[in-house]
Amino acid sequence: MRHALMALLAAVFSAGAAQAAGYRVATVAAGLVHPWSLAFLPDGRLLVTERPGRLRVIEPGANGQPALRSAPVQGVPHVMAQGQAGLFDVLLHPQFVENRLLYLSFAHGTLAANHLRVVRARFDGTRLLDVTPVFTSQPAKQASQHFGGRLAWLPDGTLVLGMGDGNLERTDAQRLHTHLGKLLRINADGSVPRDNPFVATAGARPEIYSRGHRNPQGLVTVGGELYAHEHGSRGGDELNRISPGANYGWPITTGGIDYTYARITPYRSLPGVEPPLLEWTPSVAPAGLAWYDGALFPAWRGSLFVATLKERSVRRVPMSGGAAGVQEVLFQELGERLRDVRAGPDGALYLLTDSADGRVLRVRPK
């Protein structure tokens with residue numbers, strides 16, 4: 001009885017707060033198991049990844065309203081689903097209408113030896129065909145933490161992916177012989193772009209685009225600029241503007257401390273290390289990242305949106321001339337961990353709630 005009353009009060013508070021803020025939040029689909037990422041198909045359907053390893057379709061039901069198709073998409077590769085590991089991002093090829101290609105990132109292997117893998121596949125509406133690996137991180141790592149997993153296209157048609165540091169040997173994020181703790185750049189077919197910054201560096205992994213990242217789980221391209229955010233430890237979450245070859249500091253600079261309250265490093269900044277555009281201490285636990293320039297919310301145009309897990313919010317970060325303005329904290333009235341945020345082609349904002357009974361939410365003006 002008490003739980004039912006609390007749920008009712010939370011719902012009333014949520015509705016009231018949303019109305020006061022000038023937006024309304026509606027459930028598009030429910031019953032998803034830790035949904036991680038969302039993609040918009042050209043015909044209006046949605047694709048959603050579930051961390052245990054399923055790709056789901058949301059499409060118009062018998063009443064014309066969005067409904068979660070009961071059968072998952074067939075042909076998804078086997079995923080290592082344990083702890084933080086699982087199926088992560090789904091990203092459509094820029095020419096999806098012509099070639100029907102999409103990309104998935106996921107944890108691959110075993111607890112003792114695993115990788116971040118990216119595959120390309122052709123989607124026929126119900127299954128994946130011609131599934132082809134285009135990237136597998138090296139070397140293998142242990143445990144089930146800090147995979148990163150976000151994907152984004154650059155304007156030149158190359159693909160960038162975030163790779164976490166694995167949370168075992170942190171200084172690997174500074175070392176060029178490993179993909180751990182890096183942003184990586186490949187061509188659409190998995191080959192290495194000839195202009196990657198460390199292609200000619202002896203012993204370096206040629207896919208490396210930038211280094212010094214802890215666990216990047218947000219990537220978005222705005223015009224010609226790439227933005228990324230990453231989890232800190234106890235504090236030190238960061239939003240960065242990414243430059244090829246740059247060093248973003250982890251673990252030699254950080255604003256956070258360890259979970260044991262020990263200092264990770266005495267340095268907040270060092271020569272040769274790019275400072276963050278924003279730092280969140282205490283941690284907000286940033287997850288998805290989106291750029292909003294839609295018509296439904298004129299006041300939100302020109303803003304980055306950061307989904308957060310710990311703060312259970314979305315942070316709106318207005319941008320002007322590459323600088324971050326005063327942040328607005330949104331959707332805390334939902335009281336839920338928010339894994340992803342996306343700007344839809346309809347001008348609405350879409351959210352994924354991170355739980356074993358996760359939802360896809362749509363935010364529109366009231």
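Me: Which residue in β12 does V160 stand opposite?
Reply: V160 stands opposite R185. Strands here are DSSP runs (E, at least two residues), numbered from the N terminus. This is a predicted model, where local features need pLDDT of at least 70, side-chain atom pairs count only at pLDDT 80 or more, and totals for chains, interfaces and linings use all residues. Residues are numbered from 1 along each chain as its sequence is written, and side-chain values use heavy atoms, with hydrogens and water left out.

Me: In what sense do β11 and β12 pair, and over how many bridges?
Reply: The sense is antiparallel, over five bridges. Two strands count as paired if DSSP finds at least two bridges between them.

Me: And what is the strand order in that open sheet?
Reply: The order is β10-β11-β12-β13, four strands with antiparallel pairing. From one strand to the next, the twist averages 20°; axes are lines fitted to C-alpha atoms, and angles run from 0 to 180 degrees between N-to-C directions.

Me: Which strands stand at the edges?
Reply: Those are β10 (151–153) and β13 (208–211). Each has a single partner strand, so one side of each is left without a neighbour in the sheet.

Me: Switching to the inside: how many residues does the largest nonpolar core have?
Reply: That core has 25 residues, and Y103, V118, L151, L159 and L161 have the most contacts inside it. A nonpolar core is a set of buried Ala, Val, Leu, Ile, Met, Phe, Trp, Tyr and Cys residues joined through side-chain atoms within 4.5 Å. Buried means under 20% relative accessible area, exposed over 50%, and partly exposed in between (1.4 Å probe, protein chains only).

Me: Which element gives the most to this core?
Reply: β11 does, with three residues. Elements giving two or more residues include β6, β8 (114–123) and β10.

Me: What does Y103 touch?
Reply: Leaving out residues up to four places away in sequence, Y103 touches a list that includes D89, V118, L151, W153 and L159. Contact means heavy atoms within 4.5 Å.

Me: Which residues are linked with them in a network of salt bridges?
Reply: The network links D89, R150, D340 and R342.

Me: How many salt bridges does the structure hold?
Reply: There are 20. One of them joins R170 and D258, with the closest N and O atoms 2.9 Å apart. R170 lies in the loop between β11 (159–163) and β12 (182–186), and D258 in the loop between β16 (237–242) and β17 (278–280), so the pair ties together parts that are 88 residues apart in sequence. R170 is partly exposed, at 23%, while D258 is buried, at 17%.

Me: What about R316, which residue is its salt-bridge partner?
Reply: R316 pairs with E328, and their closest N and O atoms are 2.8 Å apart. R316 is in strand β20 (residues 314–320) and E328 in strand β22 (residues 328–330), twelve residues apart. R316 is buried, at 13%, whereas E328 is partly exposed, at 29%.

Conventions: Salt bridge = Lys/Arg side-chain N within 4 Å of Asp/Glu carboxyl O.
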